[in-house]
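Hi,

Here is the structure I promised to pass on. Have a look at it first, and then read my notes below on what turned up.

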Amino acid sequence: MRLVSCLAAASLLAACARAPAAPPPASPPPPIAAATPATTARVPAELTSAMVQPVLTEMEQAAFRCYALEFGGQETEGGRVVLDWVIQPSGAVASARIVESSIESEVFSGCVLRAARALRFPAAERGTGLRKPYEFRRAGESTAAASSL
C-alpha cells in the first residue's frame, strides 16, 4: 500500500511539474494620456463667391431637373426664378425662398425649394444672405445669372 501511495505521489508531482505555470497577475493598464484637441481648419470670416460657386452649380443642375420634370417635352417660353437663401455659419440653409418667378407651376416651385433647402454651403464665422437668379430659355435649357452675396 505504501508503494502505491508513493507511486501516486510521484505521478502527482510529475503532473504538476508539467502543468503550465499560472500567468503572472495582470498589470494595471497604462494611464490614459490627456486627449489632445483635434486640429481644426480655420473657418473663414465670410463666404466668398468662389466658395459658394460649386454649391450654386449644384443648385442650377437641380433647378434644371425640376424644370425638365415639370415641362419636359412641352414647348414652353422659359422663364426666370430668383432664389434667396439665408445661410447659417455652419453652412446649413436657415431659409430659402423664391422671391421672383415668371414660371407659374406649384410643382416646379416646390421642387426648386426642396432642392434649395437641402443644399450645404461651406462654413463661415458669420451667416450670410445670398440671392441667385436662374433663367430657363426653353424646356430643359437654363442659364444662371451672376449671384450676389
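The crossing of α2 and α3 is right-handed. Bear in mind that this is a predicted model, so everything here is computed from it. The axes of α2 and α3 lie 9 Å apart, and the packing angle is about 155°. Anything over 145 degrees counts as roughly antiparallel, and α2 and α3 therefore fall into that class. On the α2 side, the contact is made by Met59, Ala62, Ala63, Cys66, Tyr67, Glu70 and Phe71. The α3 side brings in Val107, Phe108, Cys111, Val112, Ala115 and Ala116.

Some of those names come back when you look at the aromatics. Tyr67, Phe71 and Phe108 form one aromatic cluster together with Phe136. Tyr67, Phe71 and Phe108 are also among the residues making the contact between α2 and α3.

Searching the whole structure for aromatic pairs gives six. One of them is Tyr67 with Phe136: the ring centres are 4.6 Å apart and the planes are at 15°, so this pair is stacked. Tyr67 sits in helix α2 (residues 49–71) and Phe136 in strand β3 (residues 128–136), so to speak two distant parts of the chain, 69 residues apart, linked by the pair. Buried or exposed, these two? Both Tyr67 and Phe136 are buried.

Trp85 belongs to strand β1 (residues 79–87), while Phe121 is in the loop between α3 (106–118) and β3. That is a separation of 36 residues, and this pair too links distant parts of the chain. Trp85 and Phe121 are both buried.

There is also a charge over a ring, if you care about that sort of thing: Lys132 lies over the face of Tyr134, 5.8 Å from the ring centre.

Now for the whole chain. The chain has 149 residues, and 28% of them count as buried. As for contacts with a separation of 6 or more, 70% are between residues 24 or more positions apart.

Cheers

Methods
Residues are numbered from 1 along each chain as its sequence is written. This is a predicted model: local features need pLDDT of at least 70, side-chain atom pairs count only at pLDDT 80 or more; totals for chains, interfaces and linings use all residues. Side-chain values use heavy atoms; hydrogens and water are left out. Rings of Phe, Tyr and Trp (its six-membered ring) pair if their centres lie within 6.5 Å; planes under 30 degrees apart count as stacked, over 60 as edge-to-face and the rest as tilted. Helices (H or I, at least four residues) and strands (E, at least two) are DSSP runs, numbered from the N terminus. Buried means under 20% relative accessible area, exposed over 50%, partly exposed in between (1.4 Å probe, protein chains only). A charge sits over a ring if NZ of Lys or CZ of Arg is within 6 Å of the ring centre and within 35 degrees of the ring normal. Axes are lines fitted to C-alpha atoms, for helices over the stretch in contact, and angles run from 0 to 180 degrees between N-to-C directions. Angles under 35 degrees count as roughly parallel, over 145 as roughly antiparallel, 65 to 115 as roughly perpendicular and the rest as oblique. A crossing is left-handed if the near helix is turned anticlockwise from the far one by less than a right angle, and right-handed if clockwise. Contact means heavy atoms within 4.5 Å.
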